[in-house]
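Please keep the sequence and the structure in view while reading.

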Amino acid sequence: MTDKAVRDAQNNAMFKDMYVHVDAMPWIPHPVVPGTHFKVLRTSAETGAWTVLFKNAKGSSVPRHEHLGAGEYFMLSGKAEVRGGAHEGGITAYAGDYGYEPSGAIHDTTCFPEDTVYLFTNHGPIKFIDDDDNTLFVLDWRGVRALEAQGLEKLAAPIAAE
């Protein structure tokens, strides 16, 4: 092994690369948001960030929420209407679009008028709120992992019963 290869190996031993074979992962039905399925790609205890692939059925929506960490999304397919969509002064995002949502931003219901798949990374929690800004619940990286575990358990239950 060359000196460079040894140095690289010693350096990289301190870090853990990640690879996720997304196609091999099941779509998990969201237990709270009807018409939503997800695949957890990564969570970070160090930063609180989490990356999830979402699939929303036509007519589904994400309830009103406030970003307690900045969020980023990339639309893979479909269409999302954020804050009422472009026709109501918000944003209409299409396949191939990227969006950044700063910490502190409040989104009313985000609607999906088409079957939609998007990659979403949030750099902290999201606080779900009602129309009077009362907190309904806060979703952080731990909650994302808990929803994943709960969903995987439900998916495995019919298999175990056979």
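A nonpolar patch is made of residues with over 30% relative accessible area and no salt bridge, whose nonpolar side chains are joined within 5 Å. In this predicted model, such a patch on the surface is formed by Phe 74, Leu 76, Tyr 98, Tyr 100 and Leu 119, which together have about 500 Å² of accessible area. Two elements, β6 (71-77) and β9 (98-101), each give two or more residues to the patch. Tyr 100, for its part, is found in strand β9.

The overall architecture can be set out next. The protein contains 14 strands and 2 helices. Along the principal axes, its C-alpha atoms fill a box of roughly 60 × 45 × 30 Å. Of the 162 residues in the protein, 39% are buried.

By residue class, the lining of the largest pocket consists of 21 nonpolar, 6 polar and 1 charged.

Attention now turns to charged side chains. In general, side chains of opposite charge can pair when their charged atoms come close. With a salt bridge taken as a side-chain nitrogen of Lys or Arg within 4 Å of a carboxyl oxygen of Asp or Glu, the count in this model comes to 6 salt bridges.

One of them joins the side chains of Asp 108 and Arg 64, with an N to O distance of 3.6 Å. Because Asp 108 lies in the loop between β10 (106-107) and β11 (110-111), and Arg 64 in the loop between β4 (61-62) and β5 (65-67), the pair ties together parts that are 44 residues apart in sequence. The two partners can also be described by their accessibility: Asp 108 is partly exposed, at a relative accessible area of 39%, whereas Arg 64 is buried, at 15% relative accessibility.

Which residues are linked with Arg 64 and Asp 108 in a network of salt bridges? The network consists of Arg 64, Asp 108 and Asp 133. Asp 133 is found in the loop between β13 (126-129) and β14 (135-139). With 44% relative accessibility, Asp 133 counts as partly exposed. The backbone of Asp 133 also deserves a note, as its phi is near 70°, a positive value in a residue other than glycine.

A positive phi occurs at Arg 83 as well, with a value of about 50°, although Arg 83 is not a glycine. This residue is found in the loop between β7 (79-82) and β8 (91-94). Arg 83 counts as partly exposed, at 36% relative accessibility.

Glu 148 is buried, with a relative accessible area of 12%, while Arg 145 is partly exposed at 29% relative accessibility. Arg 142 counts as exposed at 54% relative accessibility, and Asp 140 counts as partly exposed at 23%.

Note on methods. Residues numbered from 1 in each chain as written. Predicted model: local features only at pLDDT ≥ 70, side-chain atom pairs only at ≥ 80, totals over all residues. Heavy atoms only, no water. Nonpolar A, V, L, I, M, F, W, Y, C, P; charged D, E, K, R; others polar. Patch = residues over 30% accessible without salt bridge, like charges linked within 9 Å, V, L, I, M, F, W, Y side chains within 5 Å. Areas by Shrake-Rupley, 256 points an atom, 1.4 Å probe, with all protein chains shown as cover. Helix = DSSP H or I, 4+ residues; strand = E, 2+ residues; numbered from the N terminus. Buried < 20%, exposed > 50% of the residue type's maximum accessible area, 1.4 Å probe, protein only.
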